[in-house]
Amino acid sequence: MLEQAAAQRQQRLQQLTAEALSLESEPGPVAAAAPGPAVPGLAESEPQLGDFDDTFTWSAEVLAAQGRKVEDMSLEEIDWLGRLRRGLEKTRRGFVTQLLENLGDDPLTPQVLDDLETTLLRADVGVQATDQVLDALRRRLNEEVVDPAEGLRFLKEQLRGLLEAPIAASAAPLLAPQKERLNVWLLVGVNGVGKTTTLGKLANLAVRSGYSCLIAAADTFRAAAVEQVSIWGQRSGVPVISNPSANADPAAVVYDAIGAARAKGTELVLVDTAGRLQTKHNLMEELTKVRRIIDKLAPEAVVESLLVLDASQGQNGLRQAMAFASAAGLTGVVITKLDGSARGGVALAVASEAKLPIRFIGAGEGIRDLRPFNSFEFVEALLAR
Ligand SMILES: Nc1nc2c(ncn2[C@@H]2O[C@H](COP(=O)(O)OP(=O)(O)O)[C@@H](O)[C@H]2O)c(=O)[nH]1
Ligand SMILES: [Mg+2]
């Protein structure tokens, strides 16, 4: 039976490779939604297929393991998974290498679990999440002998469980704007974490997925912020509502943007906000005010308040999440800069301690370097060999 399975797997891979070749000329749709109309000027960012190396095979296998049929796999997804795996390499280097070394060929021992604890903490997984995973593993170990392969499988399952808990408790497994309604997505976070970049990528994803979209340039604190967000708007043909006067009131910009969205029947308003003001208190006060004006002006709107976190900031990000949670009424998190961060484990800390669903992850500065969060893919990339 094992032989048969191996043969089937081999056959599937051959099929995958053949399919991918024929996909080369037509990049597939975004996972979150149906393909949108073609956007001029985006050809520059079309994914290119590299060699059929083991990253490619791994990506295809990760999709297949989620029950995806070969014909439903897009080049874009394969390409993204490869980049996610590369992005998490630094986190993994300290993490998995040590983990696999510890696991070795023998059944799990309590000593191995102690080492695993250190490894998880070092990858910024956080005390709470680490305790939870270790408790589950220890209970299992008390019941039966666990070989390394089963240990790894069980560990993956535990990590996925942690990431999935806040998602399961939320309204939807996948965050997408609701059709034919006004959706307002607020992007908040400290300076430099990638709010504006994420907003630009989201605008592009929205347009490619067939939503009408509008940007509110409500970071009025930095003079260059409006210009930066305008460039992102242009790249996807999304209008940007701004107020050119110095020190304009962000709430007034949001007011104008909601008015414009109503007039045009726009489905998604993306709101860029400042990450730094004179004092932290001012920032929180301003966010509360922006939030209040949205609730008052558009009570019918579906409002999402997304905290943008820079993965390289590790545990610091967790403290930021707590600080923003009350002022902005956070509903989710976007983790950026997963490319090149050694602290990707912070995703687990955020899910288990801030109890917020991770909605998107960014792994690069390009317009397509943002994807809806998928816990299965994240854990596979984190623990890939
Ligand atoms: N490598 C990498 N850089 C990113 C990512 N997201 C944002 N950046 C960069 O981080 C810097 C700050 O981004 P910005 O969007 O202006 O941050 P904001 O202050 O929160 O609006 C810019 O140089 C971005 O190109 C990412 O996922 N990966
Ligand atoms: Mg910004």
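Reader: Leaving aside neighbours within four places in sequence, which residues is L175 in contact with?
Author: L175 is in contact with E304, G332, R359 and P372. Two residues are in contact if their C-beta atoms, placed from the backbone, lie within 7 Å. Before we go on: this is a predicted model, in which local features need pLDDT of at least 70 and side-chain atom pairs count only at pLDDT 80 or more, while totals for chains, interfaces and linings use all residues. Residues are numbered from 1 along each chain as its sequence is written, and chains are lettered from A and ligands numbered from 1 in the order in which they are written.

Reader: What makes L175 count as buried?
Author: A residue is buried if 20 or more other C-beta atoms lie within 10 Å of its own, exposed if 12 or fewer, and partly exposed in between. L175 has 22 C-beta neighbours inside 10 Å, so it counts as buried. Across the protein, 45% of the 385 residues count as buried.

Reader: Where is L175 found, and how far is L175 from G332 in sequence and in space?
Author: L175 is in the loop between α7 (148–169) and β1. From L175 to G332 there are 157 residues in sequence and 9.3 Å in space, C-alpha to C-alpha. As for the labels, helices (H or I, at least four residues) and strands (E, at least two) are DSSP runs, numbered from the N terminus. The protein has 14 helices and eight strands.

Reader: Why is strand β6 called largely enclosed by the rest of the structure?
Author: Strand β6 covers residues 332–336, and four of its five residues are buried, so the rest of the structure largely encloses it.

Reader: What joins β6 to β5 and to β7?
Author: Two strands pair if DSSP finds at least two bridges between them. Five bridges join β6 to β5 (residues 302–310), and these two run parallel. One of the facing pairs is L309 with I335, and D310 has T336 as its bridge partner in β6. On to β7 (residues 358–362): three bridges join it to β6, again parallel, and I335 has I361 as its bridge partner there.

Reader: Why is L330 called buried?
Author: L330 has 21 other C-beta atoms within 10 Å, so it is buried. L330 lies in the loop between α12 and β6. Leaving aside neighbours within four places in sequence, its contacts are S305, L307, F324, A325 and L356.

Reader: Which residues come nearest to ligand 1?
Author: Of the 19 residues around ligand 1, these are G194, K195, T196, T197 and G362. A residue is near a molecule if its C-beta atom, placed from the backbone, lies within 6 Å of it. Helix α8 (residues 195–208) gives the most to this shell, with three residues.
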